[in-house]
Amino acid sequence: MEKLLEVENLSVSYFTYAGEVQSVRGISFDVKKGKTTALVGESGCGKSVTAKSLMGLIEKPGKVKPESKIIYQGKELTGYTEKEWNTFRGKECSMVFQDALVSLNPTMKVGKQIAENLKNHESSLSKEEIYQKSLEMLKQTGVPDPEGCMNKYPHELSGGMRQRVMIACAMVTHPQLLIADEPTTALDVTIQAQIIALMEELQEKLGMSIIIITHDLGVVADMADEIIVMYAGEIVERGTARDIFYHQQHPYTWALLQSVPRIDDEDKTILNTIEGNIPDMIYPPKGCSFCTRCPYAMKICEEEKPKVTHITDEHSVACWLMDPRADRSGVPFGRTDA
Amino acid sequence: MTDTRFKRIEKKKTQELISYDHSVWKDIKKELFSNKIALVSIIILLIIIIASILAPLSPYDPNKINVAEKLQGISAKHIFGTDEYGRDYFTRALYGGRISLTVGFCSMIMTVILGTAIGITSGYFGGKVDMFLMRFTDIFLALPSMLLMVVLNTILRPGLFTLIAVLSLFSWAQVARITRAETMSVKERDYVTAARNLGAGSFRIAVEHIVPNIMGPVIVAASLGIANAILMESSLSFLGLGVQIPRASWGSMLQSAQGHILDAPRLAVFPGVLILCTVLSFNLLGDVLRTALEPKIVK
Amino acid sequence: MAKYFVKKGIQLIIVTILISFFSFAVIYAAPGDISGMYLNEQMSDEEKEAIKENLGLNKSMPEQYWGWAKEVLKGDFGISLANHTSVSEQIIKRLPATLQLMGAALVLSVLLAIPLGLWSGYRKNTWIDNIISGLSYIGMSIPSFWLGMVLIIVFAAKLHILPSSGMHSVGNESFLDTVKHMIMPCITLSLSNLAVFIRYIRSNTIGQLGEEYVLAAKAKGTTGGKLLKRHILKNTLLPIITLLGMNLASIVCGSFIIESVFGWPGIGTLAMTAIGVRDYPVIMAYVMLSGIILVVGNFIADILYAFADPRIKREDMAND
């Protein structure tokens, strides 16, 4: 399978008043052509920062560290100048944001905002052509009364419609890669399903790859070809949807799955939560970052970073529990030793 | 042999919460000393202030007319030269500084007291009191202050006190606005509610709890207020409506310098530069203080 | 939106009335008997009484105020005590010069402030920002009349390239000549406003650049000048309109001083001389007029703002 995007050893830090916040600490992954990759993890784990760095949108005081490599269709993006990024952003790769209300310019008509990508990258088109293409894209997203919608301001539309508008903005140039940063978090559950369906539909039509970022595992269950679980700036486990949902190996992944409330839970089941907080990213722990919250932590977890174990080609995990010497008593998941 | 490192640990080390220690004064001190601009401003201000205070040490009498020596240029004997009456210009500049700075400080103090009192009262009591006081403040904000100051100064008996009073009259409204906003946010805090529940009277609460916590923006306003007052005073004195002869401030020195723009331009340059440096320093200081007081994560 | 206009309109009227009270009351409380200007010892008592009656000095303060106000509403500001000509006439003759100067200064400050503010906000903390910000601090701290004097010294006295005072050279009414005369006073008058505007636009730009929609625009490949023009510019223009209104006061007051420094034949110099000789009718007229220019200017700014911001059209009056 052809690789569209390769990320190697990406590290991003924010140099703040209080110190160097290491948001992303040396992650590596690929995105395949036409496939959907999900980046999953709780707030603060570094998924949004990762997404931004793929588009060159990390700004002072943030810095993509020099050892990072981002390779898109064989070209290295990490050295790009601003000009080069501008030809990449919106044309090859587009981004859809979490809250359309704040991600759309409140004083600009929606039609103009959809047209913006075209204006930037296909400036040879006439005004009329730009309008038609924008309208066409908007129609594809399924908004009622697309012509009327083009003339409205963002605050005049409903949440679901706004999200569709954002998708139209991103897709109007038929990019190869779509990055969706929490696209459904701000929406009602029913609308969520519609938006996901829309993205899948467009993906099929245009053959593009999607990186979807979310903390909601339920959302990715259907969509994702590959799921990457992040914690405290590192990748703790990755695999196909099947691997993650049925054969998870990392305690964090397991805890995440446990904390999703289920409709068939008994009435009085206490909602599972993961105790504790993410570690201080200015002084990240030297061992496994999940150690302080892990119910199965061992001494070595505090001392050394776990090595990555490749269970299959697609499924890998970074956890000391995979080591044959590990104390696996009481661990309710994983490692059916083969 | 089981590797002991792979033994499950029962008690996990919770990561120690790093305490982020800060207080308003520490913030201010840190910012002031690390910020080069602030340091330079403070040094300039100290030089000017101390020089003005030491003015009586000068061997020259700022008011003694000595026509024989009039309009001399810069020399070792007269660092700023002499003016059209033969008086040592440097000494006059120092004495002028005393007046300008005094007016600036005093009017700032009056402004701050008035503005804070009204602002706190308005913010703390709310309701009708607030509405009434705010309408009152709005009117003062809307009035074209410079204009009316000119008019007032024409009408009233000229003098230092009039000048200071009039300057304060048109500056307190700004401070009142700021302190009212700050008071309204502070009064909802728990320690105020607690104090009230313990039976503390309003005045006591105001002094003990509210005032210390709104000092930040008030200090900023004070610094900017001095800058503004000095500027306005110099304008008024330039027009002949501020300080009267024989007392001279930098502004009134500029007025007399007008007549000699062509033959002795330095008469205009020196007081102006002094005003510029003083006002600029206060403005920069005020701005640095303002950024220092913005909420930040501190180590 | 209509509610908004009505509210602003009422404010306009109230403040105008207050200004008129103030200008009248202050003159009324002035030391010295106004009648002293008209009377002399040779007049008989009846003549003195007649003159006092004429000037309306026998009536009570509210009556005097109302008498004066009535005339003002008709456009009659009375007779100048200094040269016994109609105050209104003198004002009308000189008003255009002042308005020209004020208008030019306003336009200049806005035209320069927008690009400078946008640019220094976009390039925050770089050397270009430091220079622009530094200059605007100086602009805020410089006494305008002193700047005027310095400009005269440098450009007129030393370099001889610009005229040192007045609006026209003798016998020369050409446009170019007027411009040459206007350069220095205009720059002086606009400088402090320029400084305030630049700082404001800069901080507004910085604030906007932190917004999500700017990030979204960048994700489309919109950066630099394009970004500033398409997204930031419009939203900085809105508050500038109200800023303009607020700073109108300083331009009105500034023109008062600048006109005398440069000998510009506007209503400012008229008022200056009037203050010098205590010519009360003129002073009152000047205060009233300036107050009106200010208040009307603010009102226009409020109206423009309402049209420009699509969100106000829907807003309730539930603020402040």
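A crossing is left-handed if the near helix is turned anticlockwise from the far one by less than a right angle, and right-handed if clockwise. In chain C, α5(C) passes α7(C) in a left-handed crossing. This is a predicted model: local features need pLDDT of at least 70, side-chain atom pairs count only at pLDDT 80 or more, and totals for chains, interfaces and linings use all residues. Residues are numbered from 1 along each chain as its sequence is written, while chains are lettered from A and ligands numbered from 1 in the order written.

**Helix packing in chain C**
- Helix α5 (residues 127-141) of chain C packs against helix α7 (residues 175-209) of chain C at about 135 degrees, with axes 8 Å apart.
- I132(C), S136(C), G139(C) and M140(C) of α5(C) meet residues of α7(C), including L191(C) and R199(C) (in contact means C-beta atoms, placed from the backbone, within 7 Å).

**Where chain C meets chain B**
- The contact takes 29 residues from chain C and 30 residues from chain B.
- α6(C) gives the largest share of the chain C side, seven residues.
- That side has 26 nonpolar, three polar and no charged residues.

**A span of chain B**
- Residues 37-57 of chain B are 81% helix and 0% strand (DSSP runs: helices H or I, at least four residues; strands E, at least two).
- The end C-alpha atoms of residues 37-57 of chain B are 31 Å apart.

Conventions. Axes fitted to C-alpha atoms, helices over the stretch in contact; angles between N-to-C directions. Contact = placed C-beta atoms within 7 Å. Nonpolar A, V, L, I, M, F, W, Y, C, P; charged D, E, K, R; others polar.
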